[in-house]
Each structure stands twice: as C-alpha cells, then as structure tokens.
Amino acid sequence: MQKKMTAAIVGSGNIGSDLMMKLLNNESNIDLRYMVGVDPESEGLKRARENGIEASHEGVDWLLQQDPLPDLVFEATSAGAHAANAPRYREAGIRAIDLTPAAVGPFFCPSVNLDELETVDNVNMITCGGQATTPIVAAVSRIVDVEYAEIVASISSKSAGPGTRANVDEFLETTAAALEQLAGAKHAKAIIILNPVEPPMMMRNTVYCALPPEAAAPGELQDQIAASIKEMAAKVQQYVPGYRLTADPQFEEARDDWNGLGRVSVLIEVEGAGDFLPDYAGNLDIITSAAIATANKYAELVSAQKQGA
C-alpha cells in the first residue's frame with residue numbers, strides 16, 4: 001500500500017484555502033498536516049483548525065520547528081515570499097510546489113512535463129494563465145515550429161485577490177517565459193485582463209500561434225495540429241474537469257503582414273470545481289488542481305523509490 005506524503009500549505013488566503021478543501025474532500029496521496037500564515041485573524045487558518053489541521057500565524061519559522069517536518073510544502077504566498085523561503089525548504093529537505101510566479105524552480109505543467117518531476121525538488125506551477133495555455137502551445141509546437149505565441153487570459157475581477165494583483169508583472173513575465181522554455185515557442189507574449197463584469201465571468205483564454213504557411217493551409221499538417229490540440233485538452237481535463245475548448249481550433253492562412261506566416265487560434269474556458277471558491281474562479285482552480293496532480297506524482301515517485309530500496 002502506498003504511503004501518503006505529509007504536506008503543509010504556506011499561505012492561508014483563497015488559493016491556500018482551495019488547496020486545503022481539495023485535499024480534504026478528494027482522494028489523493030497527500031496527508032495535509034499543517035497550514036501556516038501571518039495573520040492571526042485569518043479565516044483560512046480558522047477553517048484549517050476546524051478541519052483538524054494544525055495551523056499557525058507565525059509563518060515559515062513556526063513550520064520549520066515542527067517535528068516531524070512535512071515532506072512537501074505548497075507555497076501559496078507571493079513571488080517574493082517564495083524566493084526567500086525556497087532555500088530554507090531545501091536546507092530542511094522539504095520538497096516545494098510553488099504556486100507563485102517566483103520561478104525559483106523549473107516551470108511545471110502536469111500535462112506537458114510530468115515525467116520530469118523525479119529529478120527536481122522545487123517546481124514552479126507558472127501561473128493560472130500558464131497552466132491554461134502552455135499545454136496548447138506545446139501541443140502545436142510538437143507538430144510544427146511555433147515562431148511566435150501570444151496568449152490572453154481574461155478573469156473575473158472578483159477572482160483576482162491581493163496576491164494576483166501584486167504579482168501582475170511577474171505573471172506576464174513568467175507566463176511568457178514558460179511559453180518559450182516549456183511549450184516551445186521561439187518568442188511569446190502574455191496578456192491578462194481583469195474583467196469587472198457582473199455576474200462574474202469564468203476564466204477565458206485565447207491562444208494564438210504563428211504557423212509555417214504549409215501548416216496553416218488545409219491539409220495533413222493542419223489536421224495533425226487540430227488533433228494534437230484536442231488530445232492535449234483531454235489530458236488537462238483529467239485533473240481539471242472544468243477545462244474545455246469552446247470551439248474547434250481556427251486556422252488562418254499565411255499573410256504578408258504576418259511575415260508570411262499563418263495562424264491558429266484556440267479558445268479555452270475554465271470552470272472551477274467549487275471545492276472552496278465559486279465556479280467562476282477557474283483561474284485559481286486550475287493552478288490548485290495542477291499543484292495537487294503534481295503532488296500526487298511526487299508521492300508515487302517517493303513510494304516507488306522506497307519500495308525499490
């Protein structure tokens with residue numbers, strides 16, 4: 001029988017609370033032991049205690065004094081906080097799954113590079129927009145070269161908390177970097193829109209990939225790209241059920257004002273699972289779901305290593 005990994009959540013806001021409820025309400029290979037924050041009045045810490053989880057507002061200093069230490073930490077704070085905390089986790093022998101745009105560890109997306117997890121102890125979950133769009137760009141780039149990729153992530157203003165708003169620059173830089181380094185685009189750009197519409201909108205993403213002329217024209221290459229995109233979307237749905245394409249990929253043939261390149265456009269919607277956050281907060285749901293899929297894989301690897309020892 002596989003032994004569960006013990007874990008702590010650092011950060012007791014919306015993302016930390018959603019992680020907690022997912023781990024409590026759904027089967028996983030993770031045993032959540034601790035939640036830490038910095039606000040004594042935090043509703044997230046109160047909720048953790050009500051669910052039998054040891055909680056403290058004394059932050060990482062408190063966590064690193066616990067015996068036993070957790071095997072794994074979910075970092076749900078800010079980019080700056082994780083940059084400071086990451087060396088401390090490593091020194092303590094704790095693996096880290098970073099849900100901030102700090103990018104201390106390598107970019108990680110379960111549907112793209114889950115098999116690479118064994119060799120790293122700190123992974124970066126990119127951003128919500130990165131989790132939604134990196135798989136699509138990767139799906140295109142495994143068929144043809146992607147000279148340029150651009151993504152637009154539109155989210156409800158109500159689902160953008162203080163952490164999201166404070167890290168907008170990091171969001172844009174980290175997402176674009178992941179589209180290049182992980183998804184394979186030669187050049188990339190990311191845009192985020194906070195939409196105040198009422199009732200709140202679900203997360204929507206638009207992905208544009210520049211294509212060689214022969215891939216943008218009707219034919220075998222175009223069919224392969226469309227099939228690759230749909231296959232990748234189904235792969236993401238395995239751990240984010242609310243992830244879906246809202247239309248078939250749309251191809252446009254090469255144009256002179258696009259430097260002789262064509263284009264494929266992909267439209268995505270992400271509905272949250274409603275574990276803690278409202279269903280329109282798919283932007284938060286996709287990154288917490290991806291983090292738990294990553295943690296489950298960590299647990300499988302650790303269990304296999306122990307059995308083989």
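Is Val112 buried, exposed or partly exposed? Val112 is partly exposed, with a relative accessible area of 27%; buried means under 20%, exposed over 50% and partly exposed in between, using a 1.4 Å probe and protein chains only. Keep in mind that this is a predicted model, where local features need pLDDT of at least 70, side-chain atom pairs count only at pLDDT 80 or more, and totals for chains, interfaces and linings use all residues. Residues are numbered from 1 along each chain as its sequence is written, and side-chain values use heavy atoms, with hydrogens and water left out.

**Around Val112**
- Val112 sits in helix 5, which covers residues 110–113.
- Skipping neighbours within four places in sequence, Val112 is in contact with Thr134, Pro135, Ala138 and Leu182 (contact means heavy atoms within 4.5 Å).
- Thr134 is 22 residues from Val112 in sequence, and their C-alpha atoms are 8.0 Å apart.

**The chain as a whole**
- You'll find 11 helices and 12 strands here; these are DSSP runs numbered from the N terminus, with helices being H or I of at least four residues and strands E of at least two.
- The C-alpha atoms fill a box of roughly 65 × 50 × 30 Å along the principal axes.
- Of the contacts between residues at least 6 apart in sequence, 71% join residues at least 24 apart.

**Burial and charge**
- Buried residues account for 53% of the 309 in the chain.
- The chain has 23 positive and 42 negative charges, and their mean positions are 4 Å apart. Lys and Arg count as positive, Asp and Glu as negative, while His and the chain ends are not counted; each charge is placed at NZ of Lys, CZ of Arg, CG of Asp or CD of Glu.
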